[in-house]
Amino acid sequence: MFNSKFGSVPKFYVRAPGRVNIIGEHIDYCGYSVLPMAVEQDMLIAVEPVKTHVLQLANTNPLYLDFSTSANNIQIDKTKPLWHNYFLCGFKGIQEHFGLSDVTGMNCLVDGNIPPSSGLSSSSALVCCAGLVTLTVLGMNLSKVELAEICAKSEHYIGTEGGGMDQSISFLAEEGTAKLIEFSPLRATDVKLPSGAVFVIANSCVEMNKAATSHFNIRVMECRLAAKLLAKHKCLPWEEVLRLEEVQAKLGVSLEEMLLITEDALHSEPYSPEEICRCLGISLQELKTQILSPSTQDVLSFKLYQRAKHVYSEAARVLQFKKVCEEAPDNTVQLLGELMNQSHVSCRDMYECSCPELDQLVDICRKFGAQGSRLTGAGWGGCTVSIVPADKLPSFLANVHEAYYQRSNRSLVPEKQSLFATKPGGGALVFLEA
């Protein structure tokens with residue numbers, strides 16, 4: 001296909017995997033550790049550097065149109081998150097990191113088998129893949145950690161204010177192990193998953209594109225505002241606080257204590273912008289210009305108590321999950337399942353990032369043998385992840401397929417993209433032509 005598009009052959013290939021977040025939802029951008037694993041599905045790019053300064057992008061999927069632009073004048077349109085803009089994020093991130101103004105062009109053909117808008121991080125995998133492509137074409141060197149940090153930052157060009165989980169696991173993943181990813185500084189620790197269980201991904205078939213809606217960025221802002229109000233309540237310098245983790249670190253208390261402080265400091269009714277201004281002692285103008293992001297300027301109410309409660313309790317569940325994996329008691333799978341179930345309830349009720357289809361799918365998965373099941377990824381659609389005893393896998397897959405997909409005609413989605421068991425896959429790689 002590369003040959004038919006460009007009349008030549010690629011010089012090398014790059015792959016970057018998608019990921020499933022086993023536990024730790026919506027807390028990476030609050031500064032807390034998460035526990036993802038790479039999936040075997042990935043983005044793959046065939047690359048040929050060219051002497052011109054033109055970047056030509058094509059996709060094996062005819063729904064994604066060809067695109068070309070000058071390599072030295074990258075414009076990323078935040079209003080329409082088209083596929084090629086994710087490539088441009090990775091390209092621009094590397095270009096800016098090295099301060100390059102005269103970059104060589106390239107022909108690239110993109111292929112991928114991560115279901116799009118499913119919460120398995122197809123977009124971040126494309127950003128990472130493009131970053132590694134650009135680095136390789138330029139002949140530059142960076143560590144995996146540096147690459148992950150650059151790609152996490154550069155994905156903000158598309159307007160999504162995410163944390164760094166997706167990019168970190170895409171580069172740092174190793175086959176056969178999940179990772180505890182910690183931030184500031186970025187580091188990854190192996191977490192051995194129990195051998196008697198498998199993780200099954202089920203696609204709700206409700207697509208959710210983070211960059212196309214404001215749900216995600218509103219949650220990021222609610223967490224930021226909650227952090228500022230908690231800091232103010234505790235007489236900390238709230239102006240410099242951006243993340244909920246910073247409040248805990250400055251106070252030097254446990255996550256359990258942070259939950260009590262949240263109860264004490266915040267009320268469960270939504271906050272209006274005016275009330276937030278009164279709490280912080282600032283004007284509406286200052287709130288809009290100094291704190292709110294462009295996509296949250298017109299929001300009329302913010303749920304701060306619920307979001308902080310979710311973040312602190314979810315952060316505690318991640319650490320508990322890792323502890324259970326390390327100590328490996330007899331009922332490991334059951335204990336991990338309970339933590340996943342608690343996570344889903346918190347995502348549904350406190351963070352409000354589920355949807356009826358995800359809730360239905362989680363119930364079906366538990367009914368047919370999953371010890372635990374939860375939404376994974378941003379939510380509002382996308383996938384669930386379930387922990388299933390290995391001996392129950394065949395009957396689990398058959399029953400869930402019938403109950404969720406066949407009965408509602410959702411079986412129109414290709415089966416291998418809708419329901420599959422996965423094991424931890426490896427990270428991003430460059431394949432050089434022999």
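Student: Leaving aside neighbours within four places in sequence, what makes residues count as being in contact with Ser168?

Tutor: In this predicted model, heavy atoms of Ser168 must come within 4.5 Å of heavy atoms of the other residue. Beyond its neighbours within four places in sequence, Ser168 has such contacts with Ala148, Ala173, Ile181, Phe183 and Leu186. Ser168 itself belongs to helix α5, residues 165-172.

Student: Why is Ser168 called buried?

Tutor: Its relative accessibility is 2%. Buried means under 20%, so Ser168 counts as buried.

Student: How do you know that the structure holds zero disulfides?

Tutor: A disulfide is a covalent bond between the sulfur atoms of two cysteines. To count, the two sulfur atoms must lie within 2.5 Å. The cysteine sulfur closest to that of Cys279 is in Cys277, at 9.2 Å, which is too far for a bond. For Cys365 the closest cysteine sulfur is in Cys383, at 11 Å, again too far. The total for the structure is zero disulfides.

Student: What makes a group of residues a nonpolar core, and which core includes Cys365?

Tutor: The members must be buried nonpolar residues joined through side-chain atoms within 4.5 Å. The largest such core has 126 residues, and Leu244 and Phe321 have the most contacts inside it. Helix α6 (residues 215-233) gives the most to this core, with eleven residues. A second, separate core of 14 residues includes Cys365, together with Leu361, Val388 and Phe396.

Student: Where is Gly369 found, and why is Gly369 called buried?

Tutor: Gly369 is in the loop between α13 (356-367) and β9 (372-376). Its relative accessibility is 13%, under the 20% limit, so Gly369 is buried.

Student: What makes β9 and β11 edge strands?

Tutor: The open sheet has four strands in the order β9-β10-β8-β11, paired antiparallel. Strands β9 and β11 (419-422) each pair on one side only.

Student: How do you know that strands β8 and β10 pair?

Tutor: Pairing needs at least two bridges. Seven bridges join β8 (residues 197-203) to β10 (residues 383-389), so the two strands pair. Helix α14 (residues 393-406) lies across β8, β10 and β11, at about 15° to β8.

Student: What makes the peptide bond from Ser184 to Pro185 cis?

Tutor: Its omega is near 0°. Pro185 lies in the loop between β6 (178-182) and β7 (187-191).

Student: Why is Ser184 called exposed, whereas Ala328 is called partly exposed?

Tutor: Exposed means over 50%. Ser184 is at 61% and therefore exposed, whereas Ala328, at 47%, is partly exposed. Each is a residue other than glycine with positive phi: near 50° for Ser184 and near 45° for Ala328.

Notes
Residues numbered from 1 in each chain as written. Predicted model: local features only at pLDDT ≥ 70, side-chain atom pairs only at ≥ 80, totals over all residues. Heavy atoms only, no water. Buried < 20%, exposed > 50% of the residue type's maximum accessible area, 1.4 Å probe, protein only. Axes fitted to C-alpha atoms, helices over the stretch in contact; angles between N-to-C directions.
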